[in-house]
Amino acid sequence: MAKYPGLIYAVSTVVDGNMALKWGDKNEVWRNREKFLDKNSISVKDCVFTSLVHGVEIKIVGSHDKEKILEADGFITLDKQVAIWITTGDCLPVVVYDSVRCALALVHLSWQGVDKGLTIKAIQKMVEMGSNPANLGVKIGPGARKESYIFDGPIAQENDPKWQPFLEKLGNGRTAIDLVGFIKKQLVDCGVEKIEDCGIDTAKGKNYFSHYRAVRTGESEGRFATVVMMV
């Protein structure tokens, strides 16, 4: 768990168990969730959970949404003691916090979401709700990094000019994708100045669940959680 002034921010690891209902027994997953939340001083009753749709849906949630599971790829809340939650396994969990406005967002950024401007949409929504981009602090959580995020064969982005600075041809038809670099550019273009990247590559090591790694090693699939709450 990492503590920032006015904020609880926590990320689970493999030791905490699988956090995604899709990849495990329902009862076991809920036990994993409750134990993880409890050790980070968050009640499961204060959480709003995402059911990811891999689109660009960002929902505004509040106290009335506690204990709900909502279809979305990101949440924004203005309410304290509302814990917002996503699970990932290579895509990037990105937290946006405005300590001045008391606004908090948590967004699931896959390459599809980044391509469709989900990063930009999240910042724009917070600005519409009264945030100044200069006051926003962004934390990029664990995810697949350029060194590991490598595709074999043609990819859809290679002919798109906006992706060109973030693609590296490696030979033998392989392409490395710098998704973090693209996200940072989108944030800067929106006027965000305070960006912190944890630098953790989920595809390396075994501390975090990774779809990319599991496909290649045959290990069991799972997902880890990111949860944030204003206090």
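1. Basis of the note. The model is predicted, so local features are given only at pLDDT of at least 70 and side-chain atom pairs only at pLDDT 80 or more, while totals for chains, interfaces and linings use all residues. Residues are numbered from 1 along each chain as its sequence is written, and side-chain values use heavy atoms, with hydrogens and water left out.

2. The six-stranded sheet. Six strands form an open sheet with mixed pairing, in the order E4-E6-E9-E8-E10-E14; strands (E, at least two residues) and helices (H or I, at least four) are DSSP runs numbered from the N terminus, and two strands pair if DSSP finds at least two bridges between them. Strand E4 (58-61) and strand E14 (194-197) each have a single partner strand, so one side of each of these edge strands is left without a neighbour in the sheet. From one strand to the next the twist averages 15 degrees.

3. Helix H4 (residues 179-189) lies across E8, E9, E10 and E14, and runs at about 170 degrees to E14.

4. The buried side of H3. Leu118, Thr119, Ala122, Ile123 and Met126 of H3 are buried, that is, under 20% relative accessible area, with over 50% called exposed and values in between partly exposed (1.4 Å probe, protein chains only). These residues cover an arc of only 140 degrees around the axis, which puts them on the same side of H3; the arc is that of the directions from the helix axis to the C-beta atoms. After H3 comes Gly130, with a positive phi near 110 degrees.

5. The cores. A nonpolar core is a set of buried Ala, Val, Leu, Ile, Met, Phe, Trp, Tyr and Cys residues joined through side-chain atoms within 4.5 Å. The largest has 35 residues, and those with the most contacts inside it are Leu92, Val96, Leu109 and Ile183. The largest share of this core, five residues, comes from H4. Apart from this core lies another, of 20 residues, including Tyr9, Val11, Tyr208 and Val228.

6. Strand E7. All six residues of strand E7 (residues 83-88) are buried, with Ala83, Trp85 and Thr87 on one side and Ile84, Ile86 and Thr88 on the other. Strand E3 (residues 47-51) runs parallel to E7 and is joined to it by three bridges, with Cys47 opposite Ala83. E7 also pairs in the antiparallel sense with strand E15 (residues 224-230), over five bridges, and there Thr87 has Ala225 as its bridge partner.

7. Ser12. In the loop between strand E2 (7-11) and helix H1 (26-39), Ser12 counts as buried because its relative accessibility is 0%. The side chain of Ser12 reaches the backbone nitrogen of Ala225 at 2.8 Å. Not counting residues up to four places away in sequence, Ser12 touches Met19, Phe36, Tyr208, Phe224 and Ala225.

Conventions:
Axes fitted to C-alpha atoms, helices over the stretch in contact; angles between N-to-C directions. Contact = heavy atoms within 4.5 Å. Polar contact = N/O pair within 3.5 Å; in protein donor to acceptor, adjacent residues only side chain to side chain.
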